[in-house]
Amino acid sequence: MARQPDGPPPPPTVQKLRLCYAKRGPLRFASHRDLARALERALRRARVPMAFSAGFSPHPKISYVGAAPTGAASEAEYLEIGLAERRDPEEVRAALDASLPPGIDVLECVEAAEGGGSLADRIDAARWSIELPGIEPAALSAAVAEFLSRDEVTVAKRTKNGLRDVDARGPVVSAAADGEVGRAILHVVVRQVTPAVRPDDVVAALAAVADLRPPSPPRAVREAQGRLDDSGAVADPLGPDRAARTRCQGEHAAV
Amino acid sequence: MSGESLYPRLEPLLAQVQKPIQYVGGELNAQVKPWDEVAVHWALMYPDAYEVGLPNQGLMILYEVLNERPDALAERTYAVWPDLAALMREAGVGQFTVDAHRAVRDFDVLGVSFATELGYTNLLEALDLAGVPLHARDRDETHPVVVAGGHAAFNPEPVADFVDCAVLGDGEQAVGDITDVVKAWKEQGRPGGREELLARLARVDGVYVPRFYAVSYGPDGAIAAVTRTRDDVPARVGKRTVMDLDEWPYPKTPLVPLAESVHERMSVEIFRGCTRGCRFCQAGMITRPVRERTITGIGSMVDQGLRATGYEEVGLLSLSSADHSEIAQVARELADRYEGTNTGLSLPSTRVDAFNVTLANELSRNGRRSGLTFAPEGGSERIRRVINKTVSKEDLVRTVTTAYANGWQQVKLYFMCGLPTETDEDVLEIAELAVEVIRAGREASGRKDIRCTVSIGGFVPKPHTPFQWAAQASAETIDHRLRVLRQAINADRRIGRSIGLRYHDGKPGVIEGLLSRGDRRVGRVIERVWREGGRFDGWSEHFSYDRWTQAAAEELAVFGVDLDWFTTRERTQDEVLPWDHLDSGLDKEWLWDDWQEALSEEEVADCRWTPCYDCGVCPTMGTEIQVGPTGRSLLPLTVVR
């Protein structure tokens with residue numbers, strides 16, 4: 001008979017918190033696994049009363065939503081944590097931020113609204129800003145126009161099953177160019193599909209359609225993630241929770 | 001400007017390499033100090049990949065000790081993988097530190113910690129990438145002083161051409177003394193240039209400067225004499241020993257990387273040194289005497305470290321942790337303190353001893369019992385007497401069976417192959433043992449899914465051990481014995497399927513043997529191998545045996561010696577060994593007598609529990625065994641949940 005842990009099962013989740021954090025500077029080179037390890041340790045150092053799964057190797061209740069690729073910076077990464085004791089969201093945000101290395105910065109923490117649906121369901125697109133060193137804005141504009149005029153642009157993408165051809169055009173909702181001399185910036189909104197079309201794939205597609213080849217690697221920043229609205233903008237996924245909170249506080253105030 | 005960050009030039013390269021996070025620094029508890037506010041700048045290198053080097057305790061300790069000094073700073077640098085190295089050469093970016101991305105070339109001292117000799121080619125690669133001349137004799141006073149440390153520094157002769165000095169023994173105090181010397185020399189306006197600085201360093205306790213010692217060779221190829229070339233340096237250099245470990249509670253704030261590393265846990269060194277007298281073990285010989293940290297010292301390091309890191313597991317580290325005089329109490333009280341906190345406690349591989357199962361049970365009181373490791377080292381009772389690690393077959397089987405009966409599902413047994421006097425029969429007994437262990441274990445636990453993993457390493461004779469005179473087994477011998485062992489284990493599939501066998505072929509061990517017991521002539525082989533692309537020799541995908549054997553054949557021929565001469569040749573009592581002028585405190589006559597006793601299969605007791613056996617260390621070095629029990633106990637704490 002296998003051994004079972006002695007004692008009562010771990011305490012249940014009593015509060016779900018949703019966090020938005022940024023990945024900045026040199027830490028854009030952290031992978032999702034690196035970030036997950038850092039976050040788990042920071043939660044321990046910050047003494048956040050996490051809820052754990054049962055069994056001999058209990059895991060803290062953390063769900064990650066669509067992590068940005070290694071090498072890409074982000075201002076809009078999301079995760080949800082389950083707590084075994086209630087805590088003030090802002091205190092958790094501050095404590096966790098202080099426990100994380102500079103460059104992983106916790107921007108916001110809100111309590112998940114009851115019956116508001118899952119965080120993952122509120123994210124289906126991302127807005128990116130991609131800096132292309134050594135490229136002129138006019139050249140980028142032309143390449144973007146060419147790219148948008150196509151129905152499909154196939155690029156070879158490295159996946160865990162080897163190289164695979166994917167369409168980098170289909171999921172792109174909008175694309176625009178600006179920037180300054182010698183440093184063009186590409187703004188794109190990309191629908192999140194499988195396999196994912198990432199900033200590198202869009203840049204590869206520009207090379208394919210317009211022979212646009214930056215002399216040094218592009219630097220991508222994910223500026224927002226969320227549900228695509230009718231106007232093609234990306235909605236804030238924490239908006240509904242924040243609104244529920246305000247309404248709730250408002251009701252209390254009225255009593 | 002000196003000390004400037006290379007990061008802006010490095011960043012575009014990082015986007016093009018594997019695992020870039022290992023090069024960006026910013027680890028929790030990392031430190032960056034302003035360049036101009038200190039007198040002495042240390043770059044500390046672990047000459048292997050970041051994931052292996054970051055958890056290294058020695059480097060972490062020195063990093064903290066140096067950074068605590070107001071007049072010094074220390075930053076870390078690791079071996080760069082070939083993908084980044086190629087881009088760095090192309091872009092003209094030099095070897096850099098991960099802390100502030102400063103050029104290693106700008107530092108005053110480059111300290112390199114050699115846990116294994118297979119890091120030597122990585123030292124040459126780092127020097128070349130840094131723009132520091134490969135050969136010590138080509139450097140001037142603007143170049144960093146290259147200092148080797150770690151266990152391999154007890155015979156630095158193979159790298160004598162490439163390093164400026166080697167530090168023997170514990171580094172905590174030695175790095176401070178070196179800092180003082182460098183600081184004074186700089187403040188005085190660098191009088192006498194590099195030569196004078198090195199002469200001053202050669203007078204620091206524990207510091208060996210190879211250039212001040214000349215080596216001559218006899219007609220038989222062996223060393224005729226090692227003589228000092230200045231009379232103001234010591235004829236023999238003795239090792240450093242830190243006494244009273246509680247006074248040195250480092251690392252206080254262990255580094256926590258973002259990147260994955262080989263040890264995802266925090267380590268607390270519970271004692272240093274070992275007096276078990278295992279004859280193959282260089283670490284046990286050169287780190288004497290035993291110096292324990294007290295139970296309260298251990299308790300506060302565990303507490304402080306966990307708070308500073310957020311790690312979930314603490315390893316109680318030493319060469320033989322179950323031998324700590326208060327280990328039962330340490331285990332019980334730590335387990336009490338962290339009960340219900342998801343904090344795991346563990347001991348590294350242990351001697352085969354029922355007491356160790358009790359300890360492991362205590363530490364895993366309410367946690368998972370996945371694996372337990374024992375190190376019998378030798379397959380037969382006879383060979384275990386030769387290596388002085390005596391345990392009877394019955395005790396071994398009983399201990400492992402007890403582990404299975406206590407809910408441990410997987411037991412790993414660590415052995416060596418190629419030990420002196422070993423025959424095929426000694427190795428085949430490993431198979432018999434494993435089979436008996438599984439049979440008895442299934443019966444005792446009532447389970448079929450228990451496993452035993454047999455892990456085998458090739459034995460490499462090391463300097464400053466009784467086996468320093470021994471003939472190393474050839475790669476063919478090792479490979480043959482591993483082959484017959486595998487066949488024996490697989491003979492009965494019903495049992496064999498519960499036994500895993502893990503081993504490496506004998507070839508890397510032969511090269512490690514060349515580098516371990518080599519002299520200065522071996523430096524040419526190392527340089528040749530590096531020039532032909534040799535790097536990361538500890539990694540099977542990078543190691544090339546053919547490159548090493550060919551370089552050895554061609555570079556050593558002029559001296560009338562060869563690879564076999566350094567490895568499979570048994571030395572005689574009167575031969576001058578390359579490291580005889582480096583003093584680990586061990587009396588050479590005692591080592592020889594112990595070697596003879598090994599050959600006649602006689603054991604020696606542990607001086608921790610029995611009277612002194614005159615190895616020579618304490619009287620030579622002015623040290624003594626420091627053990628408890630102290631009678632103190634751990635107080636309850638508010639702990640991280």
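Visitor: What area is buried between chain A and chain B?
Guide: This is a predicted model, in which local features need pLDDT of at least 70, side-chain atom pairs count only at pLDDT 80 or more, and totals for chains, interfaces and linings use all residues. Buried area is the accessible area (1.4 Å probe) that two parts lose on being put together, summed over both. Carbon and sulfur atoms give 51% of it here, and the area between chain A and chain B is about 2800 Å².

Visitor: How many residues does the contact take from each chain?
Guide: Contact means heavy atoms within 4.5 Å. Chain A gives 29 residues, and chain B gives 37 residues.

Visitor: How many salt bridges are there between chain A and chain B?
Guide: A salt bridge needs a side-chain nitrogen of Lys or Arg within 4 Å of a carboxyl oxygen of Asp or Glu. One joins the side chains of B:E312 and A:R44, at 3.9 Å from N to O. The count between the two chains is six.

Visitor: Which helix gives the largest share of the side of chain A that touches chain B?
Guide: Helices are DSSP runs (H or I, at least four residues), numbered from the N terminus. Residues are numbered from 1 along each chain as its sequence is written. With seven residues, the largest share comes from residues 32–45 of chain A, helix α1.

Visitor: Is B:T623 buried or exposed?
Guide: B:T623 lies in the segment after α22 (617–621) of chain B. Buried means under 20% relative accessible area and exposed over 50% (1.4 Å probe, protein chains only), with partly exposed in between. Because its relative accessible area is 10%, B:T623 is buried.

How values were computed. Chains are lettered from A and ligands numbered from 1 in the order in which they are written. Side-chain values use heavy atoms; hydrogens and water are left out. Helices (H or I, at least four residues) and strands (E, at least two) are DSSP runs, numbered from the N terminus.
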